[in-house]
Amino acid sequence: MAKRLVVLVLSVALLAALASLGAPSRAQQLDSVLYVYNWGDYIDETLLIAYEQQFGVRIVYDNYATNEELFAKLQAGAEYDVIFPSDFMVARMIALNLIAKIDLENVPNLKYLDKQAVDTWYDPENYCVPYLWGTSGIAYHVSLEEPPDSWAALFDPEQVAKYTALGGINVMDDQRELLGAALLYLGFSVNSTERSELEQARDMLLRVAPEYRYFNSADYQVTLLPAREVIISHAWNGNAAKAALLTRSEAYPKGEWKFITPKEGGLRFQESACVTARSPRKATAEHFINFLLEPENAARISNATGYLSPNVGARELIDPLLREFLPSEEELARLVWVRPLASDAQRLWDEIWAEIRIGG
Amino acid sequence: MTTTISTGVRNRAAQAASSPERAGYAYQHRFERWAGWAMLVSALYGTALLVRVPLLGQKDFLPMEAALHRLAENLSMSSVAALLTAFSLADGWLSARLLRGAAVGRMAAARAWVGIALSLLYFAALRDFGGALLIGAHGGAVLALLSRNGGVILAYPSLVWLGVFFVLPLFGVLAASLGRTTELGLIDLSAPSLENYKRLLSPVGVSGLVYVNIFVRTVWIAFLTTAICLVIGYPFAFWIARQPERWRNIWLMLVMIPFWTNLLIRTYAWVIILRRDGALNSLLIDVLGVIGRPLDLLNTPFALLLGLVYGYLPFMVLPLYQSIERLDKRMIEAASDLYADPVRTFWRVIFPLTLPGVLAGSILVFIPAVGTYVVSNVLGGGRFFLVGNLLEQQFIGAGGDKAFGAAFGTVLTFLMLIATLIYFRLGRKVGYT
């Protein structure tokens, strides 16, 4: 009995070991599988299927919700090949050797990218390839007679009272965005580390925060805006565009939501496609990233997410409605990058933020 | 090692059996044979890795494959192959001896300890948690079997579970709470201090003790949730318990059905009901015509409590039902025979007798309610900043100060631990647990 069991177990083990031999050999030197880790709702998922069918690479696709989540997973040893961190996180990951430098020879479609999106502060040596970018500002419902043009709409008590009466305000539950916007409104840097400046921003926010109807930066574009739970919202342009796409109807052929970059300026961010340092499938990862940079694919990603692509080739192919959310040259000049904070400054920001959130 | 463990056990086994010597021997024999099977498994796994890693160069399928490739990059593929061959041969030989009933327990125990030590080394060098867990748990399992103690063997899986998923992380959090988060988001433990705990108790800006405030606020909301669940759940459980027997299960089933759906989805369902153009407002305006303009129901304390009570009510009803159902009806009859009115009967007889259920339900509702952040984000519209939200922000949000978050988590864990201990204390007093 025992002998027969041993034989059985042995043969199963042998079969398992040899199973891989039977798999068909692949024509290209692409790997059989690719692990991709992206933000939720940040790609056209049919592209993944298209890639699988065209190149015979199985894609394992997972989502994260914040940069810190991605960072924590990678640090814990998660084995992903392609990731999409935001600007400051790219800088941090390069510093910690979590990202491999992409071989630009393998990504010829880089030629379609806007030069100013490729030369960035966070990735001067081009470890990564820009994927999508955006800016924060104010989304407003088209029924508003006078659209807002300044951050005052969110921070000036009179205006806050007015918009609250008209239908309510949503602000982002994001310390860099909300405090950053408040600092911009007061004429300070979005990366300020001056206690007095941050305290001014805090005092201003504490006066108006109880009036805000929502603190939502997670899903407002699909929940709050289309349902008209609010009349104006602190928003990223891509999310405002998504809300516009979702509310297109006969009465509103261009959707019900519009977006402005306040005259004081807005915060700019950009996600890049990167290959992890631990990836054993670097060539396949680069091949996949190159695939995403095909103009028609980049356009499909923009159309699905609402976010703008740095892909110049895709501009003519995207939904015309999205083009309205592309900042003009003059607006582009008013955007500022969010920079990482030193530990002490981070703590200061954190404490100020806790005060605002508990007071709001 | 083995002998010291086994002597005590042999006595126990001997006491339990009618014919001490023979029964004790049969016990040892069986468990050592099982250890032989465990060794066979590791020998086969080693062989499979030997075939797949050095020979075929595979790295995507079985646990440990990728890590062994990394090891090969640092050493050489031939040394990895030699290592695997040595282990497979040793384990194969041991398993053959053990399965034949030879007395090689000592050697097998030594091999098991090597496995445990190796798992630590392996994790330190290669950072492959799954592989380390496999090696270590295998070594532990062999040791448990060689102890010949049925109790240890039965408890072993849950000990591994508790150790890996509770004790280890708890110590990790405790250690992290003494460190400092660096600019790069790492935890620096070179100068451990209680700074993070001090920060918890220090006033911030113009708002006073912000963190204590968040804590008190959270406990208050969790308390309200528990109280409301109790007030709704008690009569409900009582009513179910008094239904004819075959209906009871159907009612209980109905209480549990919402659990088949994820809490997040159920919470979002409330958004659809409560929002301005949602189901409730359209019912009130269009169908009943009671109000003229939509009510703002979302992101009010009402919505938050509604979501929490809705989510956790079954945790209250089920233990309550159990203790009410077990209630001896003759006690109630005796009370009325002694001229107690219904109110008095309830407070003097029924309620004290069902107190175990009340306590169990309360603790089951209170603890998850303290840790909630989904409900406060979704139904509270982010307006209610609770402990769960603060923790979320420190670990996966823009706050990013993991060491501070760890300190907050540690305090929370200890307070919950105290609450649970009080519960067990009270439970003993009312004859429960």
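Colleague: Which helix of chain A holds both Glu199(A) and Arg195(A)?
Modeller: Happy to start there, with the reminder that this is a predicted model. Glu199(A) and Arg195(A) form a salt bridge, with the closest N and O atoms 3.4 Å apart. The two are four residues apart, about one turn of the helix, and the helix that holds both is H9 (residues 195-208) of chain A.

Colleague: Is Glu199(A) buried or exposed, or does it fall in between?
Modeller: Buried means under 20% relative accessible area and exposed means over 50%. Glu199(A) has 22% relative accessibility, so Glu199(A) counts as partly exposed.

Colleague: How many residues apart in sequence are the parts that Glu32(B) and Arg148(B) tie together?
Modeller: These two side chains form a salt bridge, with the closest N and O atoms 2.5 Å apart. Glu32(B) lies in helix H2 (residues 20-55) of chain B, while Arg148(B) sits in the loop between helix H6 (129-146) and H7 of chain B. The pair therefore ties together parts whose separation in sequence is 116 residues.

Colleague: Is Arg148(B) buried or exposed?
Modeller: The cut-off for buried is under 20% relative accessible area. Glu32(B) has 11%, so Glu32(B) counts as buried. Arg148(B) has a relative accessible area of 13%, so Arg148(B) is also buried.

Colleague: Asp328(B) and Arg330(B) meet in a salt bridge too; is Arg330(B) buried or exposed?
Modeller: The N to O distance in that salt bridge is 2.9 Å. Asp328(B), with 28% relative accessible area, is partly exposed. Arg330(B) has 59%, and since over 50% is the cut-off, Arg330(B) is exposed.

Colleague: What is the area buried between chain B and chain A?
Modeller: Good one to ask, as the size of an interface is often given as the accessible area lost when the parts come together. Here 50 residues of chain B are in contact with 50 residues of chain A. Carbon and sulfur atoms give 52% of the buried area, which is about 4400 Å².

Colleague: Which residues of chain B lose the most area to chain A?
Modeller: Three residues stand at the top, and together they make up 14% of what the chain B side buries. They are Leu184(B), Arg276(B) and Arg383(B).

Colleague: Which residue of chain A forms a salt bridge with Glu195(B)?
Modeller: The rule finds five salt bridges across the interface of chain B and chain A. Glu195(B) also belongs to a network of salt bridges that includes Asp350(A), Glu351(A), Arg199(B) and Asp401(B). The closest N and O atoms of the pair in question are 3.1 Å apart, and the partner of Glu195(B) is Arg347(A).

Colleague: Which helix gives the most residues to the nonpolar patch on chain B?
Modeller: The patch covers about 990 Å², and its members include Trp161(B), Phe165(B), Phe414(B) and Leu417(B). Helix H7 (150-177) and helix H19 (402-429) of chain B are the elements that give two or more residues. Trp161(B), which lies in helix H7 of chain B, is exposed at 57% relative accessible area. With eight residues, the top contributor is H7(B).

Colleague: How many residues does the largest nonpolar core have?
Modeller: Among the residues with the most contacts inside this core are Met93(A) and Tyr211(B). Met93(A) touches residues including Leu70(A), Phe71(A) and Ile99(A), not counting those up to four places away in sequence. The number of residues in the largest core is 132.

Technical notes. Residues are numbered from 1 along each chain as its sequence is written. Chains are lettered from A and ligands numbered from 1 in the order in which they are written. This is a predicted model: local features need pLDDT of at least 70, side-chain atom pairs count only at pLDDT 80 or more; totals for chains, interfaces and linings use all residues. Side-chain values use heavy atoms; hydrogens and water are left out. Patches are made of residues with over 30% relative accessible area and no salt bridge: like charges are joined within 9 Å, nonpolar side chains (Val, Leu, Ile, Met, Phe, Trp, Tyr) within 5 Å. Accessible areas come from the Shrake-Rupley method with a 1.4 Å probe; for residues, only the protein chains shown count as cover. A salt bridge is a side-chain nitrogen of Lys or Arg within 4 Å of a carboxyl oxygen of Asp or Glu. Buried means under 20% relative accessible area, exposed over 50%, partly exposed in between (1.4 Å probe, protein chains only). A nonpolar core is a set of buried Ala, Val, Leu, Ile, Met, Phe, Trp, Tyr and Cys residues joined through side-chain atoms within 4.5 Å. Contact means heavy atoms within 4.5 Å. Buried area is the accessible area (1.4 Å probe) that two parts lose on being put together, summed over both.
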